[in-house]
Amino acid sequence: MNVPKKLLYTKEHEWIKNKDDEVIIGITDFAQSQLGDIIFLELPAVGEKIIEGEPFGEVEAVKTVSELYAPVNGTVIEVNDDLEDSPDKVNQDCYGEGWIIKIRLDQKIIKENLLDYQGYTKLVE
């Protein structure tokens, strides 16, 4: 299982990569492996606000449908449009080409609400 050390994670298996006041969000390698082959993603529109802990979209896989939960508060500034035609990119490269959305933060990240590499690794063991 791939768990990059430089990212932060949620207990719901989303990852975030923070760069200044922007954040990239995706689902973890563990999550995509549990879901199986991803066939569709329902994602928010650019300009939509997401609220920490609230659902912002869904991932549909062959096995199941799972909600995506916002790890932070912010406004969607970009959606990975490539996933519309190739949702399997999440399975193939969840930390790279399979990223899901980019947001502009409404406030500083509250790191106590997220897990680092060690915390997330313990969670999925």
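Tutor: Let's start with a word we will need: a residue is called buried when its relative accessible area is under 20%, exposed when it is over 50%, and partly exposed in between. Keep in mind that the structure above is a predicted model.

Student: Thanks! Let me try that on Asp82: is Asp82 buried, exposed or partly exposed?

Tutor: Asp82 has a relative accessible area of 45%, so Asp82 is partly exposed. Now look at Lys89, which has 18% and therefore counts as buried.

Student: How do I read a salt bridge between side chains, and which residue forms one with Lys89?

Tutor: The general idea is that side chains of opposite charge can pair when their charged atoms come close. In this structure, Lys89 forms a salt bridge with Asp82, and their closest N and O atoms are 3.7 Å apart. Lys89 also has a salt bridge with Glu97, where the closest N and O atoms are 3.6 Å apart.

Student: How many salt bridges are found in the whole structure?

Tutor: The search finds 6 salt bridges. Another one is formed by the side chains of Asp21 and Arg104, at 3.8 Å from N to O.

Student: Why does Asp21 count as partly exposed?

Tutor: Asp21 has 36% relative accessibility, so Asp21 counts as partly exposed. Arg104 has a relative accessible area of 36% and is partly exposed too. A network of salt bridges links Asp21, Glu22 and Arg104.

Student: How far is Asp21 from Gln107, in sequence and in space?

Tutor: Asp21 and Gln107 are 86 residues apart in sequence, and their C-alpha atoms are 8.3 Å apart in space.

Student: How do I read empty space in a structure?

Tutor: Rolling a probe the size of a water molecule over the atoms shows where empty space is left. In this model, the search finds 1 cavity of 30 Å³ or more. About 30 Å³ of space lies in the largest cavity.

Student: Which residues line the largest cavity?

Tutor: The lining is made of Glu52, Val72, Asn73, Gln107, Lys108, Ile109 and Ile110. Sorted by class, that lining has 3 nonpolar, 2 polar and 2 charged residues.

Student: And what about the largest pocket: how much space lies in it?

Tutor: The largest pocket holds about 150 Å³ of space. Its lining includes Ile39, Phe40, Leu41, Val79, Asn80, Leu83 and Pro87. By class, the residues of this lining divide into 8 nonpolar, 1 polar and 3 charged.

Student: Which element gives the most to the lining of the largest pocket?

Tutor: E4 gives the most, with 4 residues. E4 and helix H2 (82-85) each supply at least two residues of the lining.

Student: I would like to find Phe40 in the structure. Where is Phe40 found?

Tutor: Phe40 is found in strand E4 (residues 38-42). Phe40 has a relative accessible area of 43%, so Phe40 is partly exposed.

Student: Which residues make the nonpolar surface patch?

Tutor: Ile39, Phe40 and Val62 make a nonpolar surface patch of about 300 Å². Ile39 and Phe40 are also among the residues lining the largest pocket.

Terms used. Residues numbered from 1 in each chain as written. Predicted model: local features only at pLDDT ≥ 70, side-chain atom pairs only at ≥ 80, totals over all residues. Heavy atoms only, no water. 1 Å grid on protein atoms, 1.4 Å probe; cavity = no way out; pocket = protein on both sides within 12 Å on 5 of 7 lines; lining within 4 Å. Points joined across faces, edges and corners; volume = space filled by probe spheres on them. Nonpolar A, V, L, I, M, F, W, Y, C, P; charged D, E, K, R; others polar. Patch = residues over 30% accessible without salt bridge, like charges linked within 9 Å, V, L, I, M, F, W, Y side chains within 5 Å. Areas by Shrake-Rupley, 256 points an atom, 1.4 Å probe, with all protein chains shown as cover. Salt bridge = Lys/Arg side-chain N within 4 Å of Asp/Glu carboxyl O. Buried < 20%, exposed > 50% of the residue type's maximum accessible area, 1.4 Å probe, protein only.
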